[in-house]
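User: I'd like a close look at one part of this model, followed by a walk through its surroundings if you have time. Could you talk me through what you find there?
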Amino acid sequence: MPALSQSPHHFDLGSARDVPESHLWSDSADDHPVAGPADDAVPVVDVTAGDAAEVVGRACEEWGVFQATGHGLPAHLLDRVEAQIRRLFALPAHDKLRAARSLDNVSGYGLVPISSFFSKLMWSEGFTIAGSPLDHARKLWPHDHRSFCDVIEEYNKAMRDLAGRLLQLMLLSLGLAEEDVNWAGATGEFGDMSTVIQLNSYPACPDPDRAMGLAAHTDSSLFTILFQNRVSGLQVLRPTGRAGPAHWVTVRPIPGAFVVNVGDLLHILSNGRFKSVVHRAVVNRTAHRVSAGFFCGPPHNIKVAPLEKLMEPTKGPAYRAVTWHEYLGLRRKLFDKALQSIKISEEKWEDHSNSSNNTNTNTNTNTNSSKASSVITCV
Ligand SMILES: C=C1C[C@]23C[C@@]1(O)CC[C@H]2[C@@]12CCC[C@@](C)(C(=O)O1)[C@H]2[C@@H]3C(=O)O
Ligand SMILES: O=C(O)CCC(=O)C(=O)O
Ligand SMILES: [Fe+2]
């Protein structure tokens, strides 16, 4: 076993010749098989196709995830994003730790936030960007933060535009109009929607079957747009159902395509119709994999609740209303029990429909008009 330079938290994964005890996941933790290549695959949608909304809707209901092609983001921008992610994680540990995430700031370098719920460490490092990356980039590259900030800024703009288009397709597929979700923006603009970028790094691993890149989880967002490029590693859980017993399906990388997955907030908004997909990232022996998640949420202070229009006449809302901020707080405490904790039982449907709590579903209660996380500038 290689010596740990400091604590196991700062163990240099890239140069490991063995998986240390601190990062060793037992096989028994993996309770589902991985489906073979002959099994059905995550749907692929050309977002410019005439039937895109319909295909997106089916994918979100059946899988909770799809791959988006035809999105129009130039390949050279994605190459520059990937190069900057690799540049960041290739820095020596002590440089990266200068930009470490702190208790009062979600942005910065560190272990994936859900790490605290697991006794073993994951084979990955992360860098979270909420708002401007400038302060952290300056700490990483005191003399050359510009190229990182410029690329992130350009990527953020292009991704917000894509996110707006995807949201419109999703809402259209649910039969919703602009006035049903007034914060969603009318014409594909992403308006005041909140976004967070999560950069992930998964170094090659000497014993990939006994390590875990990113443990199984759902995202708390409305939806997440993941750039995974050419190295595979993302797997989605196909629960027991039409496709047989529960199993993991590898999301085959399609160069230039994005993986779009439904998060808990969209599951709530659609009253459970769109599935918040459980997913994880596995590692491999030879390739250093990187990815970038673009987490899309409602505007600051908007409460997301099941839409009246999507409820069956005899049924009520399955969840109570929450802002993204409140929900992140619940996730920090309860992790995968957070969604269950806001579930409304059938007996309470009647009380709930009489209460005022659910009337502000789509009302902009935004008293603090901060757009800090929607605009990334490096000035
Ligand atoms: C906005 C956020 C979503 C996220 C927590 C965070 O504050 C920033 C990182 C996000 C991420 C990325 C990896 C998986 C995940 C579950 C985690 O631990 O951190 C998600 C969080 C989430 O979706 O709740
Ligand atoms: O890297 C991946 O494939 C998955 C990343 C992910 O799930 C996340 O950032 O939430
Ligand atoms: Fe995720």
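Analyst: Happy to! Let's start with α2, where A75 and H76 are exposed on the other side of the helix from a buried set made up of L77, L78, V81, E82, Q84, I85, L88 and F89. Seen down the axis of α2, these buried residues fall within an arc of 160°, so they line one face of the helix. Do keep in mind that this is a predicted model, as we go through the details.

A shell of 13 residues surrounds ligand 2, with N200, Y202, H279, R289 and S291 as the closest. Three of these residues place polar side-chain atoms by the oxygen atoms of the ligand. For S291, a polar side-chain atom lies 2.7 Å from an oxygen atom of ligand 2. H279 also has a polar side-chain atom by a ligand 2 oxygen, at 3.0 Å, and an N or O atom in the side chain of N200 is 3.1 Å from an oxygen of ligand 2. On its own, ligand 2 has 300 Å² of accessible area, and the protein covers 96% of it. As for where the shell comes from, β5 (194–202), β6 (214–217), β11 (279–281) and β12 (289–297) each supply at least two residues. Sorted by class, the shell around ligand 2 holds six nonpolar, five polar and two charged residues.

Ligand 1 is next. It is surrounded by 13 residues, and the closest are P113, I114, D219, S220 and R331. Here the backbone takes part: a backbone N or O atom of S220 lies 2.9 Å from an oxygen atom of ligand 1, and a polar backbone atom of I114 is 3.0 Å from an oxygen of the ligand. R331 uses its side chain, with a polar atom 3.2 Å from an oxygen of ligand 1. The protein covers 94% of the 460 Å² of accessible area that ligand 1 has on its own. Two or more residues of this shell come from each of β5 and α7, and α7 gives the largest share, three residues. By class, the shell around ligand 1 divides into seven nonpolar, four polar and two charged residues.

F335 sits in the loop between α7 (324–334) and α8 (338–341), and its phi is positive, about 45°, although it is not a glycine. With a relative accessibility of 7%, F335 counts as buried, because the cut-off for that label is under 20%. N229 is found in the loop between β7 (223–227) and β8 (234–238). Its phi is near 50°, again a positive value in a residue other than glycine. N229 has a relative accessibility of 6%, so it counts as buried.

Conventions:
Residues numbered from 1 in each chain as written. Chains lettered and ligands numbered in written order. Predicted model: local features only at pLDDT ≥ 70, side-chain atom pairs only at ≥ 80, totals over all residues. Heavy atoms only, no water. Near = heavy atom within 4 Å. Polar contact = N/O pair within 3.5 Å; in protein donor to acceptor, adjacent residues only side chain to side chain. Areas by Shrake-Rupley, 256 points an atom, 1.4 Å probe, with all protein chains shown as cover. Helix = DSSP H or I, 4+ residues; strand = E, 2+ residues; numbered from the N terminus. Nonpolar A, V, L, I, M, F, W, Y, C, P; charged D, E, K, R; others polar. Buried < 20%, exposed > 50% of the residue type's maximum accessible area, 1.4 Å probe, protein only. Arc of directions from axis to C-beta.
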